[in-house]
Amino acid sequence: MSGFGNALSSSIGRKYVMGITGIFLILFLIVHAGINSLIFLDDNGLKFNIGAHFMATNWIIRAGEYILFLGLLVHIYQAVNLTIQNKKARPEGYAVYNGSANSKWYSRSMGLLGTLLLIFLVIHLKDFWVVSRFTGIPTVDANGNEDLYAVMKEKFQDPVRVVAYVLLMISLCYHLLHGFASAFQTMGWNHSKYNGIIKRVGVWYAIIISIVFALMPIAVYTHLID
Amino acid sequence: MSTGNMNLTLKVWRQKDNKTKGALVDYKLADISPDMSFLEMFDVLNEQLINKGEEPVVFDHDCREGICGMCSMFINGRPHGPKDLVTTCQLHMRSFKDGDTIVVEPWRAAAFPVVKDLTVDRSAFDRVIAAGGFISVNTGNAQDANNLPIPKMQADAAFEAAACIGCGACVATCKNASAMLFVSAKISQLALLPQGQPERYRRVQSMVAQMDAEGFGNCTNTGACEAECPKGISLENIARMNRDFATAKFISEETV
């Protein structure tokens with residue numbers, strides 16, 4: 001691959017990697033939130049289990065899962081890399097630094113918010129992904145599909161888990177609130193005719209996605225759906 | 001110089017040289033006029049220090065008209081102080097209150113080492129410019145300025161990018177000490193004009209490579225640079241630089 005030089009190791013190249021993987025993860029969240037929203041049909045999880053069965057068995061989706069994990073790992077790896085470089089770029093800090101005068105706190109805290117999300121991911125993958133892929137879902141539903149919905153109902157009986165999930169969805173919201181528009185800017189997609197809509201879509205996306213996810217443990221715990 | 005009635009406490013970063021550790025030192029100032037500029041207030045402080053036989057505070061300044069880009073004080077946590085779109089020399093004491101404590105620090109970045117007190121070495125910016133921030137032209141008589149038609153919008157955008165005075169406030173305020181606003185302005189002012197086209201993709205690669213070599217941080221799009229820039233340089237320039245960089249690396253066949 002001669003000719004590309006330092007394309008991906010340069011500061012802008014690394015930012016592109018963050019932006020591309022970020023947009024990929026943003027798209028993934030839409031699929032994830034969409035399929036999980038089937039639980040709100042309140043049909044004892046029948047439609048949701050059909051969706052889960054499809055996601056677990058379709059070979060394109062299964063191949064996509066590897067790309068998803070790869071994208072996630074690259075996003076994390078590059079974020080750590082960039083953070084280390086950024087710390088080195090200012091070895092001696094300021095005695096007084098008024099960041100709130102010129103930028104939003106969450107735009108300055110993407111590393112912290114991302115770390116919280118990584119902790120969430122470990123819990124979340126252990127709760128559901130490991131069960132459905134490895135240890136096995138114990139029961140089947142009326143259609144004969146693995147009853148992932150029953151696993152969900154069981155996990156969200158624990159109030160500590162419910163509170164943790166909801167709180168971490170707040171950090172997801174803020175991470176996306178900056179990340180969505182930031183990815184567009186990094187990719188160079190800054191255009192006076194589209195900037196307004198990108199910003200608005202980003203805000204709505206961040207809020208809707210996190211509310212949809214946060215509603216799931218709340219709805220199950222409070223028996224809004226059964 | 002008119003005298004006034006403001007009493008201030010200054011906390012000023014004093015550092016002998018690049019090898020010595022610095023510290024904030026307290027100074028009391030009395031009878032400061034609200035009409036003084038921030039640098040004139042420092043002149044008063046320095047006269048007092050000289051009269052007492054102490055070493056005056058070293059700080060960068062030149063034109064004191066807000067156009068040269070020399071002044072560089074980090075005042076109460078913000079570059080060039082609390083007002084938008086002004087340099088330190090154009091900041092006046094009326095922006096502060098009687099009895100205020102004002103903390104003054106140098107720009108802080110690995111690429112901007114402290115020379116003495118509030119003066120930092122910004123020659124990293126010069127080296128970024130030297131790496132590609134120029135165009136090549138034939139010698140001889142200058143062409144008529146209107147030879148090449150340039151759309152008004154394009155000319156305005158280039159002019160706005162060219163307003164950058166290279167003071168380094170963007171680097172100073174960025175939580176990552178990134179120089180992307182500066183570098184992108186210097187790339188954009190040429191990339192937007194026909195005269196900048198022959199070297200456009202070579203330029204963006206060379207200047208970004210030099211920026212990285214100088215040890216500046218990476219942009220995380222917080223927008224602090226744009227908010228603090230005394231010349232209002234827009235983030236659009238960073239997006240343009242990113243686009244040009246991607247085009248240069250993945251589409252252009254020319255390599256640097």
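**Contacts in a predicted two-chain model**

Modeller: In this predicted model, B:L181 is in contact with B:C170, B:C225, B:E226, B:C229, B:I233, B:N237 and B:I238, leaving aside its neighbours within four places in sequence.

Colleague: Which helix does B:L181 lie in?

Modeller: B:L181 lies in helix α5 of chain B.

Colleague: And does B:L181 count as buried or exposed?

Modeller: B:L181 counts as buried, because it has 27 C-beta neighbours inside 10 Å, and 20 or more are required for that label.

Colleague: How far apart in space are B:L181 and B:Q210?

Modeller: Their C-alpha atoms are 14 Å apart, while in sequence B:L181 and B:Q210 are separated by 29 residues.

Colleague: At what angle do α5 and α8 of chain B pack?

Modeller: Helix α5(B), residues 180-191, packs against α8(B) at an angle of about 70 degrees, and the two axes are 8 Å apart. The angle makes α5(B) roughly perpendicular to α8(B), because angles of 65 to 115 degrees count as such.

Colleague: Which residues make that contact?

Modeller: From α5(B) they include B:M180, B:L181, B:V183 and B:I187, and from α8(B) they include B:N237, B:I238 and B:M241. The residues of this contact divide into eight nonpolar, three polar and two charged.

Colleague: Let us turn to the two chains. How many residues of each are in contact?

Modeller: On chain B there are 42 residues in contact with 39 residues of chain A. Four elements of chain B, namely β5 (101-105), α6 (200-213), α7 (224-228) and α8 (236-250), each supply at least two residues of the side that touches chain A.

Colleague: Which element gives the most to that side?

Modeller: Helix α8(B) gives the most, with nine residues. The side of chain B that touches chain A has 19 nonpolar, 13 polar and ten charged residues.

Colleague: What are the domains of chain B?

Modeller: The domain assignment gives domain 1 (6-105) and domain 2 (122-250). Their centres, taken over C-alpha atoms, are separated by 30 Å. The contact between them takes twelve residues from domain 1 and ten residues from domain 2.

Colleague: Now chain A. Which residues of helix α5 there are buried?

Modeller: In α5(A), residues 148-155, the buried residues are A:L148, A:Y149 and A:M152. They lie on the same side of α5(A), because they cover an arc of only 105 degrees around the axis.

Colleague: What covers them?

Modeller: The covering elements include α2 (46-57), α4 (110-135) and α7 (195-221) of chain A.

Notes:
Residues are numbered from 1 along each chain as its sequence is written. Chains are lettered from A and ligands numbered from 1 in the order in which they are written. This is a predicted model: local features need pLDDT of at least 70, side-chain atom pairs count only at pLDDT 80 or more; totals for chains, interfaces and linings use all residues. Two residues are in contact if their C-beta atoms, placed from the backbone, lie within 7 Å. Ala, Val, Leu, Ile, Met, Phe, Trp, Tyr, Cys and Pro count as nonpolar, Asp, Glu, Lys and Arg as charged, and the others, Gly among them, as polar. Domain bounds come from an automatic or database domain assignment. A residue is buried if 20 or more other C-beta atoms lie within 10 Å of its own, exposed if 12 or fewer, and partly exposed in between; C-beta atoms are placed from the backbone. The arc is that of the directions from the helix axis to the C-beta atoms. Axes are lines fitted to C-alpha atoms, for helices over the stretch in contact, and angles run from 0 to 180 degrees between N-to-C directions. Angles under 35 degrees count as roughly parallel, over 145 as roughly antiparallel, 65 to 115 as roughly perpendicular and the rest as oblique.
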